Amino acid sequence: MHLDNDATAQTEGIIKDERDDVLQDLSSFIPEGWEIIKKSNGELAIAEGDLNNDDIINKAFVTEQNNQSEYASPRNLIIVWGNKDNTYKQSIRVEKDFQYI
């Protein structure tokens, strides 16, 4: 599935789900000052599938803190369960702050 990530959608924090033409708001799962990482082609890197066998699509993505540090930015893995009403509920957030020794 391809997700539209044009400037307007990113500004509003809305990600368009082209499969069923429903606007999905994933921005509530992204901390302020963070963003979903992008693929090398510039598209948002969001994986999706039915992870809990309920016939509803779930999504997984990694967010990265917006900073210009010379070190790797902190990242979070976020998995959200899809609901029948085309909304999402956070299932897992794994936080990782990369530190170099």
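Thr63 is part of strand S6, which covers residues 58-65; strands (E, at least two residues) are DSSP runs numbered from the N terminus. Thr63 is buried, its relative accessible area being 0%. Buried means under 20% relative accessible area, exposed over 50%, and partly exposed in between (1.4 Å probe, protein chains only). Apart from neighbours within four places in sequence, Thr63 is in contact with Ile30, Trp34, Glu35, Ile36, Pro74, Arg75, Asn76 and Ile78, where contact means heavy atoms within 4.5 Å.

## Model and confidence

This is a predicted model, in which local features need pLDDT of at least 70 and side-chain atom pairs count only at pLDDT 80 or more, while totals for chains, interfaces and linings use all residues. Residues are numbered from 1 along each chain as its sequence is written, and side-chain values use heavy atoms, with hydrogens and water left out.

The average pLDDT (the predictor's confidence in each residue, from 0 to 100) is 75 for the protein, and 68% of the residues score at least 70. Over residues 1-24 pLDDT stays under 50. Where pLDDT is low, the predicted coordinates should not be read in detail.

## Nonpolar core

The largest nonpolar core has 11 residues, among them Leu26, Phe29, Ile30, Trp34, Ile36, Phe61 and Ile78. Strand S4 (34-36) and strand S7 (75-82) each supply at least two residues of this core. Such a core is a set of buried Ala, Val, Leu, Ile, Met, Phe, Trp, Tyr and Cys residues joined through side-chain atoms within 4.5 Å.

Ile30, a member of the core, is in contact with Glu35, Ile36, Phe61 and Thr63, leaving aside its neighbours within four places in sequence.

## Salt bridges

There are 3 salt bridges, each defined as a side-chain nitrogen of Lys or Arg within 4 Å of a carboxyl oxygen of Asp or Glu. Arg75 pairs with Glu64, the closest N and O atoms being 3.0 Å apart. Arg75 is partly exposed, at 32% relative accessibility.

Lys59 and Glu48 form a salt bridge at 3.7 Å, N to O. Lys59 belongs to strand S6 and Glu48 to strand S5 (residues 46-49), so the pair ties together parts 11 residues apart in sequence. Lys59 is buried, with a relative accessible area of 0%, whereas Glu48 is partly exposed at 31%.

Methods
Helices (H or I, at least four residues) and strands (E, at least two) are DSSP runs, numbered from the N terminus.
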